[in-house]
Structures are given as structure tokens and as C-alpha cells.
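Subject: Structure handover and notes

Dear colleague,

I am passing on the structure we spoke about, with my notes set out below it.

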Amino acid sequence: MSSRPVRVRFAPSPTGALHMGGVRTALYNYLFAKQHGGKFLLRIEDTDQTRFVPGAEEYILEALAWCGISPDEGQGVGGPHAPYRQSERKPLYRQYADQLIAAGNAYYAFDTPEDLELVRERAKAAGNPNWQYNSITRTAMKNSLTLPAEEVDRRLAAGEPYVIRVKLPRNEEVKFQDRIRSWVSVNTLNLDDKVLLKGDGMPTYHLANVVDDRLMDISHVIRGEEWLPSAPLHILLYRFFDWEAPEFAHLPLLLRPDGNGKLSKRDGDRLGFPVFPLRWVSPETGEVSSGYRERGFLPEAFTNMLAFLGWNPGDNRELFSLAELVDAFNLDKVHKAGARFDFEKAKWFNQQFLRALPAAELAQKVAADLTRRGVAVPAPHVLEGACSLLLDRAVFPQDVYENGPYLFHTPQGYDPEMMGKKWTDTSAEHLRALAQRFATVEPFAAEALESNFKSYLAESGQGFGQLGPVLRLAITGVTVGPSVFETMGLLGKTESLERIESICRAH
């Protein structure tokens, strides 16, 4: 590992909602930085203004904050290398493009979009659908390598449109070591002369990210696998500038649950689960995409789940706080192969974290859900008791209400199928007799209620299967759920007896 101080960056583009794969990249950068006492930077790479989406940058900042992945430096935080939005750094890139031209490592290209389209069509007709502007084809194009110097000067002076392209060496093996993929080797014959500076003076990703990583002292570039094909070009740019290159680590793709292809933004909700950390409303189309936060995921569970998509600690432990992930994370244990996403496993993570919440904190989350529904929030001891009763079946905070609405208000009706099966001509008589017994119970608690119920069964000759479901229907409206006696103890004597009388009057 390099002896340089660890400084890593997450550099998303504001082209829409931040995909969960992007959050994982940010998380791995954050964990690596914190583990090595380094700095985690956030840089917004908005050099492609044609793809800029209003609100996307704010979404990125909010998503990282929700996950607890707080940048030490960068956009929204500030720092010694500001500005951290690339569009605001536009004036500084030109000098580096000029430096490459002066050294013979880049050139002016005057080919118009129509010229390029014509060449591609001719190549396609000749059986070459993958034409590239490269070390071979550039010799037949309109650029400063083929035009006389006077012609180049004239075009520049006249303000003719141009771009600046990198001049790649012909037939050279570019080798570099990747922390995840070991040695990578690519021949320049398989690369094209990428545009470094566009006609509007804005740099492309390739020039801007290399220059900014250098100026911001980035020691390690940890990014998605989709950038691996660009890495040889970036390595060459570092060499052309005579700069020390950072260490590279290209993370595996996130795959769909069936393993068939990359989990993309287009998969959001289509496959039955979110692919964004937060809810996103497209400003262009108004289309709404769900988010993990709004679905009821806890941020700790979400980040824990993401950490395991491509990495594991090497033992059987699966549940980690963010601080524990910092201690356990090892970049060298990140897998090469794509990580298949499993939403059921994601829900399992959330369930474990939900169960581990302090009672008061869980109650607070459930209270917020009740308020959103317009349901009155009960007294704290009742709310915490309801959470305790229903926690075993809950995956999300909202499951407490959805699995037990009868704990928060009188049942709106009774399960018709079970009423047909369990309610008899004598059910009301037995329930009223039970109610008389329950009225004498002090304190009105589960153990004493159950004892009285069993005594009544023995005295009346009734079976539990006859009266148990009927009592539960009276109290909850359904025949499944936690202990009916614990439910009654939580509801209290007055409410429980009123519910018993209500079903008797109705039937």
C-alpha cells in the first residue's frame, strides 16, 4: 500500500437519483478512509451539462447524510480544494490540455459531427461497425497531426470549432495493478483517442477527474467496474503529466436477483423493490421511484446490507454498526465477481436492526407512522407495549400498525370467514360469562386473565378451540396475532370488556 496519506473521493454525476450501487461505492470509500485515518471527499462531476438534472445534487447530499456517510471535505462541506463542483472549476482545465498539446500528447481535432457520422457510416458499410478515432484512423482525419501548422493556426484564429483529443501511443501495453483485480494489461490498439476538452471548453470526465484527483491529493481511486476500461487512459494521462498515479480499485457490479445483468436505475420498482436510497420524483417526467428510507428501512440496516454486496469479513458475522464496519472492512477482500442483490436478505437485515432498537426509539418511529396515517398515538407505555407485542412479525416500523391495527383502535369489523366457522349460537353467552370473570381481575394482566379463561373452560366443558378464537375475534377482529391475553392487558379492562360486549350485541 502507498505511503501517501489516505485521501479518497466519491465523485457522482448529478444526472438523476443516486443508485444504491453509487451509495455502496461511497460507503467503501468512506470505510477505507476511516480505517486508515484518512479523508473522504465528495466531488460533483457535472462536466456533461447536457445530462444535468435539477435536484440531483441535493438528492446526493441528502442520501449520503441519511446513510451516515458524511464527507470530511467537499461539496456541501467545503475544504482547502474548493470548489468541489467541476463546472465551477472549468477555467483551470484548459492549461492542462494545453500542456498535453505542447508535449505532443494531445492534439486539436476539427472534425465536425457530420464528418464523424459519415466516417462511421462508411466503416459500417465496409463491415466495421465499431470504428474508433484512434492511433490508426486519426491519420485520415482533420486534426493538427494531419493538417499543416499554418492551416491549424488559421482555423484556431478564425474560431473554428474543435475538440482536444489525447494522442495515444500506438501498440503499447498499458499495465497497472488493481487492488481487487490484480494486474490489468491493455494494448493501446484497443483504445481510442478520447476527447479531453470539448468544444464548449468544458473538460470530459477523463481529463477533469485526473486533474482533480491530482490537485486534491487523492491517494486511492475506488470506483465502479464500469470505469475499468477507462483506467488505462487515466494511467497514461498520469504518465504524460509526470504525476504519481493513485492506487486503483474497481468494484464489482451489483446484479439483479436472478444474476442476469446489472441492477440498473431502470429496474427501480419494476422488480418489486427500490434501487434508490430515497424516494425520487423525476423533474422531467414526474415519475416517482420509491426509496429505501420511505419503505421503512433503517439507515444502519441499509448500509450494513450494502457493505455485504461484494465483501464479507471472512467469518459468519453479518450484523455491523457503521463503526464496526470501519474496523472490519478490508478492500483486499472485495470480490471480483458481481454481487447478486437479494431483497429478502435486505429485509432480514432491517428486521434484525429493528429488533435491536431501544424500546423508546422504536416507539418513536411507530408514532411517526401512526401520525402519517392519521391514527391517534396512544400513551407511551401502551405504544411501547404494542411494539413489544408485534415486534417478532415486524420488518419495518409500519408493520406494527399493519399487523395490529386493533391495538390502536376498535376493530372495524370481524373476519367473516372465521366468524362463519367459529361463532355459534352460544358464543355470546360464553363471552358475557367470561367478561363477568374478567371484570373482577386485578391487576388486569395477561397471566391472571389467562388463568381465569382456563378455569372457565374447565367449568363450562368448552374447549380452547371453541372459545379461544371467538375471544380473539372480539378483541382484535381476526384470529391470528400475539397472545390475546397480553393484548387485553395492554388495552386495559374498560376497552377489552367494551369490545366483548360489542361483538355480542352485533351477533
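**What was found**

Pro113 is located in helix H4, which comprises residues 113–125. Please keep in mind throughout that this is a predicted model. With a relative accessibility of 61%, Pro113 falls in the exposed class, and its C-alpha atom is 30 Å from that of Glu57, a residue 56 places away in the sequence.

A second pair involves two glycines: Gly261 and Gly338 are 77 residues apart along the chain, and their C-alpha atoms are separated by 9.2 Å. Gly261 belongs to the loop between strand E11 (254–255) and strand E12 (280–281), where its relative accessible area of 29% makes it partly exposed. Once the neighbours within four places in sequence are set aside, Gly261 is in contact with Leu254, Leu255 and Arg256.

**Two helix pairs**

At what angle do H6 and H7 pack? Helix H6 (residues 205–215) and helix H7 (residues 231–241) meet at about 55 degrees, and their axes are 10 Å apart. H6 is therefore oblique to H7, since an angle counts as roughly parallel only under 35 degrees and as roughly perpendicular from 65 to 115. The crossing of these two helices, H6 and H7, is right-handed. On the H6 side the contact involves Tyr205, His206, Leu207, Asn209, Val210, Asp213 and Arg214, while H7 contributes Leu233, His234, Leu237, Tyr238 and Phe241. Sorted by class, the residues of this contact between H6 and H7 comprise 7 nonpolar, 3 polar and 2 charged.

The other pair consists of H16 and helix H20 (residues 493–506), which pack at an angle of about 165 degrees with their axes 9 Å apart. H16 and H20 are therefore roughly antiparallel to each other, because the cut-off for that description is an angle over 145 degrees. The crossing of H16 with H20 is left-handed. From H16 the residues that make the contact are Ala428, Leu431, Arg432, Ala435 and Phe438, and from H20 they are Lys493, Leu497, Ile500, Glu501, Ile503, Cys504 and Arg505. By class, the contact of H16 with H20 holds 8 nonpolar and 4 charged residues, with no polar ones.

**A covered helix**

How many residues of helix H9 are buried? In H9, which covers residues 299–307, the count is 8 of 9, and the helix is accordingly described as mostly covered. The buried residues in H9 are Pro299, Ala301, Phe302, Thr303, Asn304, Met305, Leu306 and Ala307. Among the elements that cover them are helix H1 (20–35), helix H2 (56–67), helix H8 (292–295), helix H10 (322–328) and helix H11 (343–356).

**Cysteines**

The structure holds 0 disulfides. As for individual cysteines, Cys67 is buried at a relative accessible area of 4%, and Cys504, which was named above in the contact of H16 with H20, is likewise buried, at 5%.

**Backbone details**

Most residues other than glycine have a negative phi, and most peptide bonds are trans.

- Ser182, although not a glycine, has a positive phi of about 60 degrees. Ser182 is in strand E7 (residues 182–187), and a relative accessible area of 35% makes Ser182 partly exposed.
- Asp242, again not a glycine, has a positive phi of about 60 degrees. Asp242 lies in the loop between H7 and strand E10 (247–251), and its relative accessibility of 71% places Asp242 in the exposed class.

With best regards

Notes. Residues are numbered from 1 along each chain as its sequence is written. This is a predicted model: local features need pLDDT of at least 70, side-chain atom pairs count only at pLDDT 80 or more; totals for chains, interfaces and linings use all residues. Side-chain values use heavy atoms; hydrogens and water are left out. Axes are lines fitted to C-alpha atoms, for helices over the stretch in contact, and angles run from 0 to 180 degrees between N-to-C directions. Helices (H or I, at least four residues) and strands (E, at least two) are DSSP runs, numbered from the N terminus. A crossing is left-handed if the near helix is turned anticlockwise from the far one by less than a right angle, and right-handed if clockwise. Contact means heavy atoms within 4.5 Å. Ala, Val, Leu, Ile, Met, Phe, Trp, Tyr, Cys and Pro count as nonpolar, Asp, Glu, Lys and Arg as charged, and the others, Gly among them, as polar. A disulfide is a pair of cysteine sulfur atoms within 2.5 Å. Buried means under 20% relative accessible area, exposed over 50%, partly exposed in between (1.4 Å probe, protein chains only).
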